[in-house]
Amino acid sequence: MRRRCSFFLTALLFVAAILSFPEPYALLKLAAWIALAICAGRYAPSRLVFGSLAGLGILEALLGFFQFVSHKSLGFSFLGEPVLDPLNGAIARIFLDGGRLMRAYGTFPHPNILAAFLVLSLVAWAYHFLVRRRVIVSAFGIFTVLLGLLLTFSRSGWIAASIAMLLVLLDARRREPFRAKELFLILAVSCVFLIPIFSRGIAPRLLVGPGDYAVTERIAGYQAALLRIRNAPVFGSGLTLRMAPDPVHSLYLTIAEQIGLVGLAAFLLFVLSALRRGF
């Protein structure tokens, strides 16, 4: 029954994408990702999935660190690294003492997306610590991924990582209290070491008010997206799977804009189904 439900929701999402009259490349890319997700969910062992997330998280975190230090892209465009020009005003930065610091991108089109991937990698390293019991390697992985996550300066990423680690620790405390204490110690020591080093960049990101540039920019983006959704509410303006020059900072509004309210409903049902199975 669950497989039938997942298949139906996946098919509905794909049909919504087709009816939005997408770019052929975007439709092929979506089909490839769906096929990959199905194969990974059914046939790939957990060890392979978590190992891939853990290893790639290290590479992405290190790439983000060196991007932050050098303040430019490092020439890995063949892997998807965006062209990061310090003179480009569209590059995501933080403002500090009248100057600006570039945020880490990795091979992703925006620091917030890198942060989301690093949260998954952080969970994978916690899995390696709790299940695979590789203490030294896992401690190094957790520290490195936390470094990359801090340098994205993504507030949503920090919140997601905090919630994810809290849930992991609560579950581990019920199963293996001693291992949970060790994991908490590794996380705490890593944060105590890293946060003071980058505190001058972190502190301004924690102060959010109605007049904050990020808030006003998001509100303007939401209003513009709602207007575009109103013009094509059912099937959207067409799937592109590309980052816009001025992206809307909401996955849900982006989905509604590209594949309509039908596609958004299918996606939300898919997510709720996955959450229900997870719990």
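Colleague: Where is the place of Ser250?
Modeller: Ser250 lies in the loop between α9 (213-231) and α10 (251-278). Keep in mind that this is a predicted model.

Colleague: Buried or exposed, that Ser250?
Modeller: Ser250 counts as buried, because its relative accessibility is 16% and the cut-off for buried is under 20%.

Colleague: OK, zooming out. How many helices and strands are there in the protein chain?
Modeller: We have 10 helices and 2 strands. Going along the sequence, the pattern reads α-α-α-β-β-α-α-α-α-α-α-α. The radius of gyration is 20 Å, close to the 19 Å from the globule rule for 279 residues, so the chain is as compact as a globular protein of that length.

Colleague: What box do the C-alpha atoms fill?
Modeller: Roughly 55 × 50 × 40 Å, along the principal axes.

Colleague: What share of the contacts comes from residues 24 or more positions apart?
Modeller: Counting contacts with a separation of 6 or more, such pairs account for 67%. As for burial, 38% of the 279 residues count as buried.

Colleague: Last one, charges. How far apart are the mean positions of the positive and negative ones?
Modeller: The mean positions are 11 Å apart, for 27 positive and 12 negative charges.

How values were computed. Residues numbered from 1 in each chain as written. Predicted model: local features only at pLDDT ≥ 70, side-chain atom pairs only at ≥ 80, totals over all residues. Heavy atoms only, no water. Helix = DSSP H or I, 4+ residues; strand = E, 2+ residues; numbered from the N terminus. Rg over C-alpha atoms; globule rule 2.2 N^0.38 Å. Buried < 20%, exposed > 50% of the residue type's maximum accessible area, 1.4 Å probe, protein only. Contact = heavy atoms within 4.5 Å. Lys, Arg positive; Asp, Glu negative; His and termini not counted. Charge placed at Lys NZ, Arg CZ, Asp CG, Glu CD.
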